[in-house]
Amino acid sequence: MVGREAPVLICHSHLRWDWVFQRPQHLLSRLAREWTVIVEEEPVFDDRPAGLDVLDVGGGVTVLRPHRRADVDHDLGRLVEGYVAMARGRRPLVRWFYSPMFAAYGDRLGPGQVVVYDCMDELAGFAGAPAGLKEAEDRLLERADVVFTGGRALYEAKRDRNPGVHCFPSAVEETHFARALDPDLPLPADLAGLPRPILGYYGVVDERLDYDLIAALADDRPEGSVVLVGPTIKVDPARLPRRPNLRYLGQKGYAELPAYLKGFDVCLMPWALNEATRHISPTKTLEYMAGGKPIVSTAVQDVVRDHGDIVLVARDAAHFLGLARQAPALFDADREEAGRRRAKGMGWDGTADAMRRLVEGKLGEGRRRPRAARPPQSTRSLIVGGGPAGLSAGLHLDDSDFILADRHDRAGGLCRSIVQDGFTFDYAGHIFFTNDPYVDGLFRGILADNFHEQQRESWIHLYDSYQRYPFQGNLYGLPPEVIKECLLGVIKAGRDADAPAGNANGGRPLNFLEWSLRTFGEGITKHFMQPYNFKVWGIDPARMSSDWIAGRVLTPSLDEVIDGSLRRGRGDMGPNARFGYPLRGGCEMFVSGLARRVEARGGEFAMRRSLVSIDPARKRATFRVGGRGEGGELRTIRYDRLFPSVPLPELIEAIDGAPESVRKAAAGLPSTAVVCVNLGIDREKVTEKHWIYYPEGQDKFLFQRIFVQSNASPHTAPPGHSALTFEISHSKYKPLPVKGKRAMVEACVAGLKRTDLWREGDQVAFEQVLGMPHAYIPFTPDREGRLAVINAYLHKLDIYPIGRFGEWKYVNQDGAILSGKRVVESVQADGKLQPEAAAPAPAEASPPQKRPLAVAMSAEILGNGHGNGHANGNGKGPARLAADL
Ligand SMILES: Cc1cc2nc3c(=O)[nH]c(=O)nc-3n(C[C@H](O)[C@H](O)[C@H](O)COP(=O)(O)OP(=O)(O)OC[C@H]3O[C@@H](n4cnc5c(N)ncnc54)[C@H](O)[C@@H]3O)c2cc1C
């Protein structure tokens with residue numbers, strides 16, 4: 001701690017220190033490296049007069065164990081308070097709660113307290129929960145300055161109960177449990193001789209386990225052993241199932257666990273699915289992973305969502321037995337490696353550090369005013385939107401006085417993923433590539449070994465044949481008469497380019513359509529450029545400007561066009577011929593890692609906050625708690641400067657008193673919506689391709705692209721299945737031809753059946769429909785002018801939009817990250833936003849070239865004309881493939 005005396009932490013816990021070594025011990029022993037840590041346990045009753053045992057348990061932790069005679073009442077709280085007051089002196093005090101039941105008396109300890117509730121279980125759901133627990137927790141949640149939750153489900157249950165709730169799922173002491181991999185580590189005597197396979201569990205043996213399942217497992221594996229290691233509480237040992245091959249080995253020390261883990265062939269998490277387990281985030285998941293073991297679990301929410309890509313999660317009891325049998329085979333080297341990597345990346349040190357920083361941020365603030373008055377929170381920097389741009393803003397702010405608000409339950413924006421029924425889908429497949437070294441470093445640093453690179457296989461399906469992408473360089477495979485038409489068009493366009501061009505646009509093409517005709521001629525424009533671009537952008541290319549094309553659409557030379565019509569190319573042209581994707585967990589693995597880095601900086605994450613209004617004069621933003629469409633309460637945050645990545649038209653709508661000229665400018669910015677139909681097919685590897693474009697009419701193919709999610713990573717579909725995302729754009733110019741989710745699914749399946757991806761006998765095993773109201777930003781001729789009006793107004797108010805929808809430009813996640821970085825750094829350095837450096841106009845840009853087709857392929861060929869010239873966010877560097885189209 002800089003400039004302040006280290007605090008004294010008094011922890012109120014219902015768990016005895018020398019009982020099972022778990023979250024409190026891991027965290028408190030680490031906090032004790034810098035702070036004085038005292039743990040108050042529940043009283044013991046014996047014959048001694050009332051008093052306090054003060055136990056030095058090592059590592060800087062002192063345990064206070066009050067005692068009294070059962071029949072003589074005594075204010076033991078006073079004794080604890082006296083001790084703490086003496087130990088504390090004038091130092092700040094952190095009161096850290098595991099049990100809300102201790103809450104009352106500590107308030108007498110005086111000012112300078114920060115109250116922390118580390119909520120690791122939904123205690124009220126446990127058997128034998130004391131009366132009044134719920135009310136005590138309500139008071140604690142109201143009183144706490146910071147609340148930590150031990151997992152996602154708990155976070156979701158508490159996040160609206162206090163403005164400072166942070167999710168810190170269980171972590172792991174990886175090196176300790178990796179000892180299970182040590183060939184020299186001897187097996188414990190009570191395990192060594194048991195018949196194999198050994199299906200093992202360690203942890204508390206209580207009402208949270210499914211004993212019918214455990215008995216069924218023992219019956220199913222008479223040749224092997226089912227082993228439960230841990231203390232038995234709150235269940236009657238006489239009522240536990242008994243089988244010859246079912247062993248209860250009792251409690252073991254933390255130091256002994258790796259040896260037991262080593263002896264397990266399959267690790268079990270046979271949780272009963274009930275109130276007591278609805279919110280658990282089992283610590284042992286990562287411990288089992290650190291030991292490189294196959295894990296089979298029942299479908300506990302947090303296990304499925306956080307680790308469903310590694311843990312084998314059973315649908316029901318029969319499935320559990322099946323998975324337990326197949327676990328050693330299903331748990332291949334990839335899965336084991338991924339588990340060990342995850343465990344390595346989720347240590348208690350990082351968690352304790354991040355918590356310590358959050359608490360230190362609160363120290364010295366003094367006691368909070370009563371919440372009933374709900375004074376506006378105040379922050380230097382308010383970030384609205386937790387997608388890549390907002391996260392990047394949080395990462396690059398030079399102080400931790402920021403709040404990041406988002407209407408969703410977690411950060412990530414369009415780069416989140418959904419894990420369901422063994423499938424992992426993105427909001428349209430999100431691949432990773434960039435030509436910016438800084439972002440490349442972030443991608444690789446955060447994803448580490450989970451970053452899986454491969455050679456791109458992108459194709460176009462037209463007239464029942466496949467061409468490699470991009471179209472204009474790969475005519476091979478099309479019907480001969482189409483190739484002829486395309487080639488003649490290209491040759492004529494080249495000749496016409498020699499003739500002087502004149503029009504109202506100073507000779508430059510009036511629009512995208514005209515640019516295509518001049519550059520590629522009639523054939524390529526008619527067969528691909530026009531229909532495909534209309535299908536994707538949802539707006540006719542004749543309505544789109546041509547000034548954005550520079551550096552995004554590559555024009556192959558005539559030689560190259562001819563060459564590409566005579567033979568199949570290798571499909572490896574351009575800098576992103578290789579792309580990355582997380583092997584496990586979907587594209588969200590990157591943004592979730594990024595969010596952890598941002599959260600560790602100490603800023604506050606305020607999730608499920610939908611921006612509803614901004615009072616620009618008083619610099620106050622008001623949010624509805626509970627996400628969009630929910631009628632939650634309103635909360636206001638005062639800011640010095642605002643960094644929103646909210647879509648611009650919605651942002652302007654929310655600003656009180658925005659001038660009519662600005663409102664009009666924003667209302668005229670068109671965007672394209674996308675619907676994703678995600679299908680699971682019950683056959684592995686329906687194709688080798690990564691994605692396929694479908695330029696033909698929507699009556700034949702409703703979708704413009706199929707992204708083969710299970711080829712980005714095989715772990716996004718259950719074994720024996722493929723995962724496909726069908727992308728369908730729509731806009732006011734191109735409404736959806738079918739309405740309703742069912743009809744969309746049916747139309748996609750009908751289209752799929754017209755391709756060779758479908759075989760007789762295939763079944764759709766999974767379906768899901770996701771909508772993105774803002775997805776693409778089409779370039780229209782008046783875009784720049786509208787943005788100039790809007791930004792001149794916003795910047796004066798210290799509102800600096802960021803990201804794809806804030807800056808209203810066509811960027812991928814790398815561009816969004818650089819947008820957040822550039823804007824924040826510029827405002828920090830100069831107190832205002834400096835204009836972005838203009839992109840240098842590439843050689844093939846308009847004004848039209850005399851001989852456009854003679855320009856060499858200097859960068860990526862962009863088959864659809866939707867490259868991402870801003871992929872590096874500053875407009876510099878070579879153009880990149882528009883991967884999201
Ligand atoms: C179909 C499709 C495919 C794509 N494929 C790729 C790809 O393969 N590779 C790639 O790199 N990029 C891809 N992208 C682009 C990528 O998704 C975006 O560039 C990136 O998500 C932009 O980040 P952002 O932070 O600017 O915006 P977003 O990710 O949209 O984040 C904005 C955040 O603001 C929040 N928000 C909005 N309104 C409010 C409000 N009123 N109150 C509170 N919060 C609000 C949202 O909840 C969201 O979290 C694709 C995009 C699409 C649409």
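**Note on the predicted model: loops, sheet and helix packing**

1. Ala 428 sits in the loop between strand E19 (423–426) and H15; helices (H or I, at least four residues) and strands (E, at least two) are DSSP runs, numbered from the N terminus. Ala 428 is not a glycine, yet its phi is positive, about 70°. Ala 428 is buried, its relative accessible area being 11%; buried means under 20% relative accessible area, exposed over 50%, and partly exposed in between (1.4 Å probe, protein chains only).

2. On the source: this is a predicted model, in which local features need pLDDT of at least 70 and side-chain atom pairs count only at pLDDT 80 or more, while totals for chains, interfaces and linings use all residues. Residues are numbered from 1 along each chain as its sequence is written, and side-chain values use heavy atoms, with hydrogens and water left out.

3. Tyr 463 also has a positive phi, near 50°, in a residue other than glycine. Its place is the loop between strand E21 (458–462) and E22. Tyr 463 is partly exposed, with a relative accessible area of 32%. As background, most residues other than glycine have a negative phi, and most peptide bonds are trans.

4. Two cis peptide bonds deserve a check by eye. Arg 196 and Pro 197 are joined by one, with omega about 5°; Pro 197 belongs to the loop between helix H6 (189–192) and E10. Tyr 469 and Pro 470 are joined by another, with omega about 0°; Pro 470 is in the loop between strand E22 (465–468) and helix H16 (480–496).

5. An open sheet is built from 6 strands with parallel pairing, ordered E12-E11-E10-E13-E14-E15; two strands pair if DSSP finds at least two bridges between them. Strand E12 (246–250) and strand E15 (312–314) are the edges, each pairing on one side only. From one strand to the next the twist averages 25°. Within the sheet, strand E13 (residues 266–269) runs parallel to strand E14 (residues 295–298) and is joined to it by 3 bridges. Met 269 has Ser 297 in E14 as its bridge partner.

6. Helix H7 (residues 211–220) lies across strand E10 (198–202), strand E11 (225–229), E12, E13 and E14, and runs at about 145° to E11. Axes are lines fitted to C-alpha atoms, for helices over the stretch in contact, and angles run from 0 to 180 degrees between N-to-C directions.

7. How do helix H15 (residues 437–447) and helix H26 (residues 813–830) cross, and at what angle? Their axes come within 10 Å and cross at roughly 110°. H15 is therefore roughly perpendicular to H26, a label that covers 65 to 115 degrees (under 35 is roughly parallel, over 145 roughly antiparallel, the rest oblique). On the H15 side, the contact is made by Tyr 438, Val 439, Leu 442 and Phe 443; on the H26 side, by Gln 813, Asp 814, Ile 817, Leu 818 and Lys 821. Contact means heavy atoms within 4.5 Å.

8. Helix H14 (residues 388–396) is largely enclosed by the rest of the structure, because 9 of its 9 residues are buried. Among these buried residues are Pro 388, Leu 391, Leu 395 and His 396.

9. A search of the whole structure finds 0 disulfides, a disulfide being a pair of cysteine sulfur atoms within 2.5 Å. Cys 11 is buried, at a relative accessible area of 0%. Cys 119 counts as buried, at 0% relative accessibility.
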